[in-house]
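Opening my notebook on this one. I want to go through the metal site, a helix and the rings.

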Amino acid sequence: MDTIKSKTLTELMGKILDNSIEVVDLTQVLNEETPVISLPDPFVDTKGFSIEQISKYDENGPFFYWNNFTMGEHCGTHFDAPVHWVTGKNHQPVDQIPVKRLIGEAIVIDITEKCEIDPDYCLTIADIEAFEKKHGKIPSHSWVLIYSGWAKYGDDHEKFFNVGEDGQPHTPGTTVEAAKFLAYERDILGVGVETVGTDAGMAASFETPFPNHHFMHEANRYGLASLSNLDKLPPRGSILIATPLKIENGSGSPVRVLALVEK
Ligand code: MN
């Protein structure tokens, strides 16, 4: 019996099966209510998710149930490829990203208390430095997840978009300085957030507009939006697996995001 070559993978599978490694789903459910970003004029918005039944054990298909669905690449929990932004246009579309770069340690920076007080709160370099002082330097090939607590508003569109009397969305994000720092001073795979996009609601008006998109994609890094269950992850040590669809020349994709968390 020498058919099983890998002790590591056998141990991993055993721990997943006995729940000493928990598989956490970081994905929001997709349905026709799934929120999508809404842009100011004259920009064109993405399509949301819609589904139509082909058959369900009926005259259209007595033995089977199946559906067609349509959606934008950037709808629900989704992956931003570098080509999504003009600054990343010479980097890879979603189908060409090396699959090894879809898996990395999840670094979870908790800014929930600050976002509870100020919905426009943006991650700062000081927040990153405080995290690193406690947990060590953000390693290469890791996903930085900005834990704002926003996923708890996932089903409540009013709170999720938090449009103020000024007509602007007020949701958390990243400062220009912190986005530039993570893109150029740390060797990360990308950033993940709980909000509808990787930038703050007010980020169109920043000195560099949409800094997470601008700097991350310029530096050939990725984005994950509309994540959930970040409260189930430790600050360090879990493994995130993001699986975008292999859309030829795609700018992004809906994604199922899983994390492996050792108990
Ligand atoms: Mn996107």
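Below are my entries, in the order I looked things up.

Ground rules: I'm working on a predicted model, where local features need pLDDT of at least 70, side-chain atom pairs count only at pLDDT 80 or more, and totals for chains, interfaces and linings use all residues. Residues are numbered from 1 along each chain as its sequence is written, and side-chain values use heavy atoms, with hydrogens and water left out.

Metal site. I found His74 (ND1), His78 (NE2) and Asp80 (OD), 2.1 to 2.3 Å from the ion. Their sequence spacing reads H-x3-H-x1-D. I checked burial too (buried is under 20% relative accessible area, with a 1.4 Å probe and protein chains only): His78 and Asp80 are both buried.

Helix 6. I take helices as DSSP runs of H or I, at least four residues, and strands as runs of E, at least two, numbered from the N terminus. Of the 8 residues in helix 6 (residues 211–218), 6 are buried, so the rest of the structure largely encloses it. Phe215 and His217 are among those buried. The partners that the buried residues pack against include strand 4 (78–80) and helix 5 (176–184). After helix 6 comes Asn220, with a positive phi near 60 degrees.

Rings. I got 9 aromatic pairs (Phe, Tyr and Trp rings, the six-membered one for Trp, with centres within 6.5 Å). Phe79, Trp143 and Tyr222 are linked into a cluster by ring pairs.

Technical notes:
Rings of Phe, Tyr and Trp (its six-membered ring) pair if their centres lie within 6.5 Å; planes under 30 degrees apart count as stacked, over 60 as edge-to-face and the rest as tilted. Donors are N, O and S atoms within 2.8 Å of the metal (3.2 Å for Na, K and Ca); water is not among the atoms, so sites may look incomplete. Buried means under 20% relative accessible area, exposed over 50%, partly exposed in between (1.4 Å probe, protein chains only). Contact means heavy atoms within 4.5 Å.
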